[in-house]
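Reader: Could you show me a protein structure and walk me through the words used to describe it? I would like to see what stands behind each term.

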Amino acid sequence: MKTLYIIRHAKSSWEFDLEDHKRPLNKRGLKDAGLIGKQLKTLIKPIDKVVSSDAERAKTTADIILENLDIDKSIFSLDSKLYDFGGHQVIEVVKNCQDEIKTLMIFGHNHALTSIANLYGSMAIDNLPTAGVVGIEFDVNNWKSIRVGKTVLTLFPKELR
């Protein structure tokens, strides 16, 4: 059994004249990431590996959520392939995950994450909102074999406000 948690970065700021990769979270994004992190603590399986896009807004979202989950930073890494809006590189990262990892959490961007949630999950999601989480279980022994799984979790910030 493999479990994948996909988390879209929290709401980012357009206040500063920065390249897209460097945009920070805005106040709502910081708050939403904290709300999601606190709620996730009681809802998820133990995490074996966490990978985030190297974009500032994704890294910050991951930092806030992981702090709330008390996850050891040694299982956290950045991967520029998750700075992907189509989804092909995200799927490549997931499918190349080591098979001893049972539970993987990734932080990334739309439209890639909504597409992946719909492609691999068992329920349709119109749009994975900022700081939204989808958990999908796969009845397989290796990541390369994942196909449509079962959506076991959806958690969106507006449900917690």
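Author: What follows is a set of questions and answers on the terms used for this structure.

Author: This is a predicted model, in which local features need pLDDT of at least 70 and side-chain atom pairs count only at pLDDT 80 or more, while totals for chains, interfaces and linings use all residues. Residues are numbered from 1 along each chain as its sequence is written, and side-chain values use heavy atoms, with hydrogens and water left out.

Reader: Thanks! What makes Thr 151 count as buried?

Author: Buried means under 20% relative accessible area, exposed means over 50%, and partly exposed lies in between (1.4 Å probe, protein chains only). Thr 151 has 12% relative accessibility, so Thr 151 counts as buried. Thr 151 sits in strand S6, residues 150-155. Helices (H or I, at least four residues) and strands (E, at least two) are DSSP runs, numbered from the N terminus.

Reader: Which residues does Thr 151 touch?

Author: Contact means heavy atoms within 4.5 Å. Not counting residues up to four places away in sequence, Thr 151 touches Gly 121, Ser 122, Met 123, Val 134, Gly 135 and Ile 136.

Reader: And is Asp 70 buried or exposed?

Author: Asp 70 has 60% relative accessibility, so Asp 70 counts as exposed. Asp 70 is in the loop between H2 and strand S3 (76-78). The phi of Asp 70 is near 55 degrees, a positive value in a residue other than glycine.

Reader: Why is H3 called oblique to H4?

Author: Let us begin with the description itself. Two packed helices are described by the angle between their axes and the distance between the axes. Axes are lines fitted to C-alpha atoms, for helices over the stretch in contact, and angles run from 0 to 180 degrees between N-to-C directions. Helix H3 (residues 88-95) and helix H4 (residues 112-120) pack at about 60 degrees, with their axes 9 Å apart. That angle makes H3 oblique to H4, since angles under 35 degrees count as roughly parallel, over 145 as roughly antiparallel, 65 to 115 as roughly perpendicular and the rest as oblique.

Reader: Which residues make the contact of H3 with H4?

Author: H3 brings Val 90, Ile 91 and Lys 95, and H4 brings Ala 112, Leu 113, Ile 116, Leu 119 and Tyr 120. They divide into seven nonpolar, no polar and one charged. Here Ala, Val, Leu, Ile, Met, Phe, Trp, Tyr, Cys and Pro count as nonpolar, Asp, Glu, Lys and Arg as charged, and the others, Gly among them, as polar.

Reader: What makes a group of residues a nonpolar core?

Author: A nonpolar core is a set of buried Ala, Val, Leu, Ile, Met, Phe, Trp, Tyr and Cys residues joined through side-chain atoms within 4.5 Å. The largest one has 26 residues, and those with the most contacts inside it are Leu 4, Ile 6, Leu 104, Ile 106 and Trp 143. Strand S1 (2-8), H3, strand S4 (103-108), H4 and strand S5 (133-138) give two or more residues each to this core. H4 gives the most, with five residues. Apart from this core lies another, of 24 residues, among them Ile 44, Ile 47, Met 105 and Phe 107.

Reader: How do you know that Ile 7 is buried?

Author: The relative accessible area of Ile 7 is 0%, so Ile 7 is buried. Ile 7 is found in strand S1. Among its contacts, leaving aside neighbours within four places in sequence, are Leu 40, Ile 65, Met 105 and Phe 107.
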